[in-house]
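Visitor: Please take me through one part of this model in detail, namely the pairing of its charged side chains. I would like the cut-offs spelled out along the way.

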Amino acid sequence: MIFSLVAAGVNLSIIVSSHANKNEHEYWLIHTYEVIDLISQLKVHVKNAETGQRGFLLTQNMDYLEPFRKGTNLSLSTFEVLVRKTADNPTQQKRLAELDVILNKKFSELEQTIELLQHATKQEAVDLVKTDLGKHLMEEIELVLFAFEQEERNLLSKRTREYQDAKRLLSSSIVMLELVYAILIIWLIYSIWYKVLKPISVLVSYIKHYPEVTKFEIAQQDNCEEVSELARGIKSRCSESEAVISTLQKSEKEAVEKQRLNLRGVAEYNDAIKTSLQNLFAALHKHKTDGLGSISKQEIESMVRLVNQLLDLTKDLDIYLKTSRQNSN
């Protein structure tokens, strides 16, 4: 269970991190698309402003000033949005500063031609247009916007790769998490089978094959009373067992003590026999050496052999007593 929790925590943190990374790259990808779209819009708005100015010059119809003013206002507002969107990019900010100067010149040139047409003569306005100042300014605007757009497209390519890598990492993390969970589920199923279901199956099989005469019935009701009765029976058996064990221990102590007393009496008896036989052996040996008395020499020799046999028996008895003492200790 601890391993499962740790694995789940680690995988969850990886997925959260991967998801956050993917969202971040997705944000910058969308941001780049927005900047490129703003560049296209700025081009269109400048073109519309210039188109309105040219239409007014040709027709002197005031209706053409509406697209001029609208194109100019939208160009300026779009430019301000571009400045905010690329605030994190010093290179693009430098290009926008250059573009700002050119746009101001372009709109001044358009405004000047309109004012000349309104307050002077048409020829002066046409002469200003023929200087190609507006054309050159438009070309400069297009060049700056082209470089600006190329920079954004390079960023778009890079951010697209990063976004795809983040998506693959997130997918891999999810697959890894699912794999870990699958392994843990298999492990859990095996553990439940091995430690729970299999023992229950063995127990059920044992009960099925249990002899009919010794089978017992479990009541469907009053289970608590049966358990209590069983507990009382077990307690009674334990008390009886303790009494029997106490009796056996007491009997064992008495038997050991009795054995020790018997061994002590046998030892005393053995010592007495040994002393008597040693005295007898000494006397017989003296009679044999001195040749005194009415007992023949052959009889004395037989008695000596008998005494030797008795002494050997006492030695065996000594060995037995020593062995018995060691065992009793």
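**Salt bridges, pair by pair**

Guide: Lys106 and Glu109 are three residues apart in helix 3 (residues 90-119), so about one helical turn separates them; helices here are DSSP runs of H or I with at least four residues, numbered from the N terminus. This is a predicted model, in which local features need pLDDT of at least 70 and side-chain atom pairs count only at pLDDT 80 or more, while totals for chains, interfaces and linings use all residues. Residues are numbered from 1 along each chain as its sequence is written, and side-chain values use heavy atoms, with hydrogens and water left out.

Side chains of opposite charge can pair when their charged atoms come close. Lys106 and Glu109 do so in a salt bridge, at 3.7 Å from N to O, the rule being a side-chain nitrogen of Lys or Arg within 4 Å of a carboxyl oxygen of Asp or Glu. Both Lys106 and Glu109 are buried, that is, under 20% relative accessible area, as against exposed at over 50% and partly exposed in between (1.4 Å probe, protein chains only). This pair also belongs to a network of salt bridges that links Glu50, Arg54, Lys106 and Glu109.

Lys47 pairs with Glu142, their closest N and O atoms being 3.2 Å apart, and this bridge links distant parts of the chain, since Lys47 lies in helix 1 (residues 2-59) and Glu142 in helix 5 (residues 133-208), 95 residues apart. Lys47 is partly exposed at 36% relative accessibility, and Glu142 is partly exposed at 35%.

How values were computed
Helix = DSSP H or I, 4+ residues; strand = E, 2+ residues; numbered from the N terminus.
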